[in-house]
Amino acid sequence: LASEKLPVYAGLEDRFTLICKMGDGAFSNVYKARDKKTGQKVAIKVVRKYELNTSQDARLDPQWRKKNRVTERANILKEVQIMRNFKHPGIVELLEFSESRDHYYLILELLEGGELFHQIVKLTYFSEALARHVILQVANGIRYLHEERGVIHRDIKPENLLFESIKIIPSKVDKARPYDEEKEDEGEFMPGIGGGGIGVVKIADFGLSKVVWEESTMTPCGTVGYTAPEIVKDERYSKSVDMWALGCVLYTLLCGFPPFYDESISVLTEKVAKGYYTFLSPWWDDISGSAKDLITHLLCVDSNRRYTIDEFLAHPWCNVKDPVPNLDS
Ligand code: ADP
Ligand code: MG
């Protein structure tokens, strides 16, 4: 067992055996653990309360409070409240929540395949078929959030997209089984079916997510009519932020690097604000016009013209039927 001790209070320590640490998020540690009674493996996201606290002076500063909103107690409870109601194959399931004096614990469905981020690093980039297989699962998860739950995730990125398990990876760097474009067309490298490919992907980390209301009932508790336009239209609370992020993820899947990057934060901010990105040659030369068209409609600075999740899912690129491998032959 890892020398590190799971910082749990007696109740959890009795119930779970720590297996290892899985992730170091910005605000939490995530551990793999096993339920002693049922043998079920779970992920435990532990948020340290003392990390949530800083000096009294800093916490009284409204500016600081705004910037660190995610670490507020009310927001942990909101993350839990929001996740609790979810039931979708594209969303990590929250099994249980508890807290001790020093920690919050989110007991989560375990996803052992790791972050999409790591697979991008490993594979360099994904074929269009593989990218489609991954992004459609994410998109269906987002559709569930946006259309059925009225929730914006607000932190869609490869670190928060997790694989259930990794099977045989159609790796372009796998020497034992060299990647073969022709064979991929035959379906041999098709993901998620049988023993081949990459499988199930789910959306995790609802720490920044928000419930929104339909435009007509934007204000909570029925106080309609008094909310200023700049609040109603606050773009940070718009579903379109997830669609931008989805575009960034799809771009990155297809070429291996993000659409917007600069070592200088101010230059990067400028590029994002203006939507300055390109389909850089030679990396994008062989990628279909249809994929580029779809990305163009997502990385669209005008959020009113940006694709909604339903428009995304209706795009021809998403509706290409990839060949299904015949596992018997
Ligand atoms: P943070 O808010 O700190 O980013 P996350 O919920 O994103 O916290 O968790 C941090 C990391 O822990 C993730 O990027 C992932 O690597 C890992 N992780 C989170 N949830 C799970 C899970 N259910 N199964 C497996 N790994 C997880
Ligand atoms: Mg995260």
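In this predicted model, five strands line up as an open sheet in the order β1-β2-β3-β5-β4, with antiparallel pairing. At the edges sit β1 (16-24) and β4 (94-99), each of which pairs on one side only. Neighbouring strands of the sheet are turned against each other by 25° on average, direction ignored.

Looking at one end of the sheet, β4 and β5 (residues 103-109) pair in the antiparallel sense over five bridges. Here E99 stands opposite Y104 in β5. Helix α5 (residues 73-84) packs on the sheet, where α5 touches β3 (41-48), β4 and β5. The direction of α5 makes about 155° with that of β4.

Just after α7, G150 takes a positive phi of about 60°.

Next, the annotated positions. An unreviewed UniProt entry places the feature "binding site" at K45, E159, N160 and D205. Of these, N160 lies in the loop between β7 (151-152) and β8 (161-163), while D205 lies in the loop between β9 (201-203) and β10 (210-211). N160 counts as buried because it has 23 C-beta neighbours inside 10 Å. D205 is buried too, with 26 other C-beta atoms within 10 Å. Leaving aside neighbours within four places in sequence, N160 is in contact with D155, I203, A204 and D205. Counted that way, D205 touches D155 and N160.

How values were computed
Residues numbered from 1 in each chain as written. Chains lettered and ligands numbered in written order. Predicted model: local features only at pLDDT ≥ 70, side-chain atom pairs only at ≥ 80, totals over all residues. Helix = DSSP H or I, 4+ residues; strand = E, 2+ residues; numbered from the N terminus. Pairing = 2+ DSSP bridges. Axes fitted to C-alpha atoms, helices over the stretch in contact; angles between N-to-C directions. Contact = placed C-beta atoms within 7 Å. UniProt positions renumbered as here; feature names shortened; annotations may be inferred. Buried ≥ 20, exposed ≤ 12 C-beta atoms within 10 Å, placed from the backbone.
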